[in-house]
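Let's take a walk through a protein model, one piece at a time. Keep the picture open while you read.

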Amino acid sequence: MTVPGLETGPGGSRPSRQAPPEGPPPFSPALPGDGRGAVPSARIRHNDYGSLRPHDLGKGEPRLTVSVVIPAHNCQEALDRTLAGLAAQSYPSHLTEVVVADDGSVPPLRIPELAPANTRLVRVPDGRWGRGWARQTGAAAASGDVLHWIDSDMILDREHIEAHMRWHHLASYTVVLGDIRFTPDGEEPPAQEVFTAVESGDAEKLFTTSAPHTWRAGVLEKSRWLRDAGAGAYGLHSGATTSVSIALLRSVGGVNTTLNMGEDTDLGFRLAQAGAVFIPDPQARSWHLGSSTVMRREKEVHRHNWSVLPDLIPDLRWLRAHPRRHWLVPYVHVVVDARGASYEDVRATVDAALAGTVVDVAVTVVGPWTALTGGRRSSLDEPLLDMRLTHNLYAHEPRVSFAEEAPRTSAPAPFRLTCPAGWVLGADSLSELVKLAEREEYGLLSVVLEESPEGVRAARLERTAAFARAALLVGDGAPAADTDDVVHELFGSFWAGADQFGLTTAGEAEPVTGDVAKWRASAAQSRREAARLEGELKDLRAETERLRAKIGQLEDKRPRGPLRKIISTAIRQGKTG
């Protein structure tokens, strides 16, 4: 699946969790690498990166190259300070380059004398502008193994880049988030003073005081520094100081150039769907000069961003409250294999997927569509008549697409449901499946449809991020069983029956016709009735246990010896009063 505006570069049980100490993991000797330092086989459950043990600062043997990319616009003095701090970094200079992406500054920005040796300027193309274009222009020019974003009004601690890079030597799919503190407005030390303070390890003394962002600090505290954040860890992704492997960045299409605000959140979401693990490092210290735009104008920033991000990030469920409208990126991508299936079966499956209570879905119907030529044919007797009718029916439905093979990934949609043609979802089937996957953080839910000597036929709800992570570890061409095993290990999987989630055959299902609201209401009534019966069953079980306990008490009070035998016999025969 593709999203307009992205510049593409080359390119059942839940698993048990470890319970490491609170806060970020301790720093200890690094795990062995693969020759370049990256360990793509490192297996990280959900976002719990505690299994990684980065080296202490100053003790590593770095091998990876890094490109520091700074988007900038009309900020020469701030840029001078930022570059001065970068010139004093502990990470080896021969492994570091700095790319300043000038977003149409007037006069054009320049590289000062006090800057890292390998620093260069690139200009955003004429007619283009904004943070999205600046970030993507800098990323396209970067040549390092890792791209490290920083804003043009940041001062980095001496070991900041080193702190980031040690994680990238351990796993190729990490996204590292630096620690940011905000300084009082108006405190702007000269570039030479910044260089001297950073070089001596005294950068914090440049400012009278500094403080973290309250909301960010709260998220870190509640989530054990994102180790318990699960699928939502990308929410802290910020362009102020974040690093990611170039390969992973390009695999998701780079930065969305249509966005001038919120581009870092959108990118973080797409990196998450690609299997990324987000790691905040408190030792990657940095200072933002003055308050941020979000801190000064939070409501206005949200008003702006919440008009565009819901189209791109399905996780923002509270912003997708409208009951009927369509969105650019679906929450669930449904794949239906129509090959060999009747037109009626395909229609029943697709119509039910489109009519369910999860409205932000997209459907891909798989079949030999290129074989449907426009030449002369028999309208009623052509060999691929059922495929022709299916294509006729959905040719102009914007939520349905056609493919010869199932797409390799459903990204950026966070979930994919694969359902055989002829099996029909109930109004709430998809909703309940996703709720279970979200609540338990499962990577795979398999719904058994039918069993035969040939095997089990099942519908599958796959978490996009889980299967992307597994593909990074076992390779795209690995057997499906191997991928499923890795998904189970890292995210958990679960098997259920079709009746548990309301899936039926096309012949048994109620057709989705007329008033869809009535169809959904019927499903809701069935849910309420099932809940009522479940409650009654629970009460009956409790009453049975109470009676068993009472009988046990009576048994204990019965007389011993021959008299007890006579009474017990009488009770069994029902002759007592």
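What follows is a short tour of a few strands, helices and side chains.

First, some ground rules: this is a predicted model, so local features need pLDDT of at least 70 and side-chain atom pairs count only at pLDDT 80 or more, while totals for chains, interfaces and linings use all residues. Residues are numbered from 1 along each chain as its sequence is written, and side-chain values use heavy atoms, with hydrogens and water left out.

Helices (H or I, at least four residues) and strands (E, at least two) are DSSP runs, numbered from the N terminus. "Buried" means under 20% relative accessible area, "exposed" means over 50%, and "partly exposed" is in between (1.4 Å probe, protein chains only).

Let's start with strand β1. How many of the residues of β1 (residues 66–72) are buried? The count is 7 of the 7, so β1 is largely enclosed by the rest of the structure. Val-66, Val-68, Ile-70 and Ala-72 point one way, Ser-67, Val-69 and Pro-71 point the other way, and all are buried. Strands pair if DSSP finds at least two bridges between them. β1 runs parallel to β2 (residues 96–102), with 7 bridges joining them, and Ala-72 sits opposite Asp-102 in β2.

Next comes helix α1 (residues 76–86), which is mostly covered, with 10 of its 11 residues buried. Among the buried ones are Gln-76, Leu-79 and Asp-80. Contact means heavy atoms within 4.5 Å. Setting aside neighbours within four places in sequence, Gln-76 is in contact with Leu-109, Arg-110 and Pro-112. The C-alpha atoms of Gln-76 and Ser-105 are 9.2 Å apart, and these residues are separated by 29 residues along the chain.

Now for some polar contacts. A polar contact is a pair of N or O atoms within 3.5 Å; within protein, one must be able to donate a hydrogen and the other to accept it, and residues adjacent in sequence count only if both atoms are side-chain atoms.

| Pair | Atoms involved | Distance |
|---|---|---|
| Gln-76 and Asp-80 | side chain to side chain | 2.8 Å |
| Gln-76 and Arg-110 | side chain to backbone nitrogen | 3.0 Å |
| Glu-382 and Arg-388 | side chain to side chain | 2.8 Å |

Where is Glu-382? Look in the loop between β11 (361–366) and α12 (385–394). Glu-382 counts as buried because its relative accessibility is 12%. Not counting residues up to four places away in sequence, Glu-382 touches Arg-377 and Arg-388.

On to an open sheet of 7 strands, in the order β12-β11-β10-β13-β16-β15-β17, with mixed pairing. β12 (400–403) and β17 (493–497) stand at the edges with a single partner strand each, so one side of each has no neighbour in the sheet. Within this sheet, β10 (residues 332–337) and β13 (residues 415–420) run parallel and are joined by 6 bridges. Val-335 stands opposite Thr-418 in β13.

Last stop: two packed helices. Axes are lines fitted to C-alpha atoms, for helices over the stretch in contact, and angles run from 0 to 180 degrees between N-to-C directions. Helix α14 (residues 464–474) packs against helix α15 (residues 480–491) at about 115°, with the axes 9 Å apart. The residues that meet include Phe-467 and Leu-473 in α14, and Val-486 and Phe-491 in α15.
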